[in-house]
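Q: Please take a close look at one part of this model, the aromatic residues and what surrounds them.

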Amino acid sequence: MKEYYEARAPEYDATTYELARRVPAMADDLAALERFVSELAPARVLDVACGTGWLTRFLRGRVVVLDASESMLRLARQRLSDALFIHGAAPLLPFLEDSFARVFTSHFYNHLEDGDARRAFVREVFRVADEMVVVEQPWRDGLHSEGREERPLRDGSVHEVYKRYLTARALADELGGEVVLETATFIAVRSTRPGRSA
């Protein structure tokens, strides 16, 4: 997985967000996602698996970004002027308890391959923050619910990547949260630390 994202970094935006901008229905969904992220209350935020920083730039407040790919972080540094950059991998988060008000993550949670890893990640999130916002692609007709996908890159390499697809409601139920964005292309769920009010 790390090798895949390291190799994919130079083409990531072109094959995700820039691609979405060229398809009218997806462009509307992307605009809705960007608006949603920009309207989150300013806070001390940790963006886990920030990638190229496409969505990170819409986060307001003091932002710390974490990614396992040096190539992704290099691209994110070009886009983000005020963030603090950390090279590291989840699910374990290299921060003290209550270091953040919010953990934000996009297109990462559903790549965690087993329930233990997902539960460990959620525990870590709520160790370091009161709130979690998870952005993902939703399940739709024609998609498998989970499994390995072959993903070719422009350099001719082919990588096998694990991915799950859930409906917004199923993701919210799994995370004990609420659906805060639901489009055909993107979903977002907000959860708060157990014992804290939303």
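Which residue lies over the face of Trp54, and at what distance from the ring centre?

A: This is a predicted model, in which local features need pLDDT of at least 70 and side-chain atom pairs count only at pLDDT 80 or more, while totals for chains, interfaces and linings use all residues. Residues are numbered from 1 along each chain as its sequence is written, and side-chain values use heavy atoms, with hydrogens and water left out.

The residue over the face of Trp54 is Arg57, at 4.5 Å from the ring centre; a charge is taken to sit over a ring if NZ of Lys or CZ of Arg is within 6 Å of the ring centre and within 35 degrees of the ring normal. Trp54 also belongs to a cluster, in which ring pairs link it with Tyr4, Tyr5, Tyr12 and Tyr17.

The structure holds seven aromatic pairs (rings of Phe, Tyr and Trp, the last by its six-membered ring, with centres within 6.5 Å; planes under 30 degrees apart count as stacked, over 60 as edge-to-face and the rest as tilted). One of them joins Tyr5 and Tyr12, whose ring centres are 6.4 Å apart and whose planes stand at 55 degrees, so this pair is tilted. Tyr12 also pairs with Tyr17, in an edge-to-face arrangement with 6.3 Å from centre to centre and 65 degrees between the planes.

As for accessibility, Tyr5 counts as buried because its relative accessibility is 16%, and Tyr12 is likewise buried, at 10% (buried means under 20% relative accessible area, exposed over 50%, and partly exposed in between, with a 1.4 Å probe and protein chains only). Tyr17, the edge-to-face partner of Tyr12, is buried as well.
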